[in-house]
Structures are given as structure tokens and as C-alpha cells.
Amino acid sequence: MTHLVLPSLLRPRDGDALRGELRTIAAQGVVPVLFGGEVSDDTLHLSEFFGTRTNNLKGLAIPPLSGLGGRVVAQRRPVSVNDYSSSQTITHHFDRPVLSEGLRSILAVPVIVQGKSRAVLYAAIRECAPIGDRTADVVVAASRRLGTEIAIRDEVDRRLQMLTTLDAQGVDGATTEELRDIHAQLRSVAQTVTDPSLQEQLRGLSQRLAAVVRPGGGDGADASDDAGITLTPREVDVLAHVALGCTNAEVAQRLSVGAETVKSYLRSAMNKLDARSRHEAVVTARRLGLLP
């Protein structure tokens with residue numbers, strides 16, 4: 001039996017994605033100071049900075065309900081203060097590093113994933129004036145994008161953990177339908193990630209999963225099989241979900257494409273496989289090792 005060898009460093013650093021969102025906000029010039037950090041064990045760790053003049057905020061660990069960030073982590077909603085030094089709505093455990101940086105008006109926005117704060121983005125100015133609505137909209141939009149990205153990465157990790165468990169138990173110990181579901185989910189998750197190298201790795205894992213389930217094992221591939229038939233990644237994506245019994249509308253929803261697009265990919269795959277029906281296309285693709 002062929003075993004899957006899973007990469008141990010598949011997930012990129014979430015801090016890199018956070019830094020990317022801060023950089024995107026900075027490019028819009030809505031506010032002079034931006035910073036943020038990830039939440040671990042309910043504690044916010046500041047790690048990313050744009051526009052700061054000192055290192056006084058770097059590495060701060062902020063527990064729940066402490067300061068502005070701790071309040072945001074606990075309450076899971078954006079909070080702003082127009083004059084940090086005199087605000088009555090927050091604790092003042094971090095006055096020294098904040099005020100030594102000259103920050104007065106600050107907006108903190110949590111990044112929420114599955115109901116939990118996973119990071120916080122800050123926008124700040126050095127005057128006692130309200131943070132504008134445009135700035136707030138830009139930062140909130142960035143927090144939502146980052147939350148979506150982290151949620152996708154979490155799903156990738158969950159699926160890879162399932163594959164690791166299956167590999168340890170052996171394919172014979174898992175139901176064929178579960179393996180097929182994992183394969184299809186890996187295909188759909190791969191389509192949603194923004195990192196090209198991660199997308200390629202996920203598709204590669206799905207190909208290898210198909211090869212493991214294929215009689216005789218071996219190395220699978222999206223591009224072609226022993227009969228010389230070539231399917232595109234999107235054609236395999238569609239067939240993988242059709243194999244689970246999904247309708248065209250359900251496939252479209254899972255892959256975030258239109259129903260007509262699904263029909264087009266399915267029609268193309270059927271032509272290449274010389275299949276007269278959806279069922280025949282799936283059977284042929286499985287026989288050729290393109291699907292588990």
C-alpha cells in the first residue's frame with residue numbers, strides 16, 4: 001500500500017498575511033500609523049508595524065480585557081478611542097508604550113474566525129480626533145479578508161490532519177466515501193486559497209490521494225493518465241464533486257463558480273473521457289486513476 005507523505009510546513013505564517021493586509025491599508029494612505037498582531041491563548045501579541053517611530057510597542061503581550069486590544073479580543077468587535085490617554089472605556093496598562101509613540105486616537109478591529117478573535121488590526125493618528133469612517137471601512141474590510149484567509153488555512157489544516165490519520169491507519173481502515181469526500185474538499189479548498197504554491201501543494205495532495213485509492217497505488221496526476229487522457233485541474237474539481245452525487249448547482253456553490261461554468265467543465269471532461277453520462281465520466285475517471 002502506498003503511503004501519503006504530508007509536508008510538515010504546508011501552512012504559511014498567518015503573520016505574513018496580517019502584514020500583507022496592513023501593507024494594503026498603508027498603500028491607501030488613510031492613516032499614518034498601523035500595527036497589529038495575532039491572538040494566541042486569548043493573548044494578543046503585537047508583531048507588525050507601519051509608520052511607528054519607536055520599538056516600544058514591539059512584542060507587547062496583551063491579555064483579555066486589558067487596554068484597547070484586550071477589550072477588542074474579548075468583545076470581538078471594533079472599538080475606537082478619540083483620546084487614548086483620557087479614555088474611561090479601557091484600562092491603562094499600556095499607557096507608557098502607546099503614549100511614548102505619540103498615539104492619541106486609535107481604532108482596533110478584531111479578525112474573527114469561527115467566533116473567536118484570531119488577530120487585531122490597529123489604525124492610529126497622533127491627534128485627538130475621531131478616526132474617519134473611510135479609515136474604519138478600510139480596516140474592517142481588511143479584517144474580513146484576513147479572517148477569510150485564516151479560516152481557509154484552518155480548513156486546510158483540518159483536512160491534512162484527517163489525511164495523516166488515514167495514512168497512519170491505512171487506507172483499508174477508512175471508508176471509500178470518506179476518502180472521496182476528503183479528495184473533493186481538498187480540491188475546493190485549493191481553489192479558494194490565494195497562495196499559488198499552497199494551491200499547487202493541495203492539488204498535489206489530492207492527486208496522490210487518488211493514486212493511493214487507485215488499484216495498485218502509484219503516483220497520480222491531474223494532467224494525464226496511462227491512456228494519455230488529459231484533464232485540467234478545474235475539470236477534475238468538477239468531476240470530484242459530481243462523484244459525490246452533487247448537482248451542478250451544488251458543485252457551483254462549492255467551487256464558487258456559475259452553474260453554466262460547471263456544465264462547460266463537465267461537458268469538456270465527458271468529451272475527453274468519451275463518456276455519455278455524468279456517471280460514466282466518473283467511472284472512467286476512477287478507472288484511470290484521476291479520481292479516488
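This is a predicted model: local features need pLDDT of at least 70, side-chain atom pairs count only at pLDDT 80 or more; totals for chains, interfaces and linings use all residues.

1. Is Phe49 buried, partly exposed or exposed? With a relative accessible area of 23%, Phe49 is partly exposed; buried means under 20% relative accessible area, exposed over 50%, and partly exposed in between (1.4 Å probe, protein chains only). Phe35, by contrast, counts as buried at 3% relative accessibility.

2. Residues are numbered from 1 along each chain as its sequence is written, and side-chain values use heavy atoms, with hydrogens and water left out.

3. Rings of Phe, Tyr and Trp (its six-membered ring) pair if their centres lie within 6.5 Å; planes under 30 degrees apart count as stacked, over 60 as edge-to-face and the rest as tilted. By this rule there are two aromatic pairs. The pair of Phe35 and Phe49 is stacked, because the ring centres are 6.2 Å apart and the planes lie at 20°. Phe35 lies in strand S1 (residues 33–40) and Phe49 in strand S2 (residues 43–50), so this pair ties together parts that are 14 residues apart in sequence. Helices (H or I, at least four residues) and strands (E, at least two) are DSSP runs, numbered from the N terminus.

4. Phe35 and Tyr122 form a stacked aromatic pair, at 4.2 Å centre to centre and 10° between the planes. Tyr122 lies in strand S6 (residues 116–125) and Phe35 in strand S1, so the pair ties together parts that are 87 residues apart in sequence. Both Phe35 and Tyr122 are buried.

5. The structure holds 13 salt bridges, each being a side-chain nitrogen of Lys or Arg within 4 Å of a carboxyl oxygen of Asp or Glu. One of them joins Arg153 to Asp14, with the closest N and O atoms 3.0 Å apart. This pair links distant parts of the chain, with Arg153 in helix H4 (residues 133–169) and Asp14 in helix H1 (residues 14–27), 139 residues apart. Arg153 and Asp14 are both buried.

6. Arg153 also meets Glu149 in a salt bridge (3.0 Å, N to O). Arg153 and Glu149 are four residues apart in helix H4, and therefore separated by about one helical turn. Glu149 is buried, with a relative accessible area of 10%. Elsewhere, a network of salt bridges links Arg13, Asp16, Arg19 and Glu48.

7. Helix H9 (residues 259–273) has 15 residues and should span 21 Å at 1.5 Å a residue, which agrees with its end C-alpha atoms being 21 Å apart; the expected span is 1.5 Å times one less than the number of residues. Val262, Leu266, Ala269, Met270 and Leu273 are buried in H9. These residues cover an arc of only 100° around the axis, which puts them on the same side of H9; the arc is that of the directions from the helix axis to the C-beta atoms. The face of H9 turned away from the buried side carries the exposed residues Glu260 and Asn271.

8. What covers the buried residues of H9 includes helix H7 (233–242), helix H8 (248–255) and helix H10 (278–287), where contact means heavy atoms within 4.5 Å. Just after H9, Asp274 takes a positive phi of about 55°.
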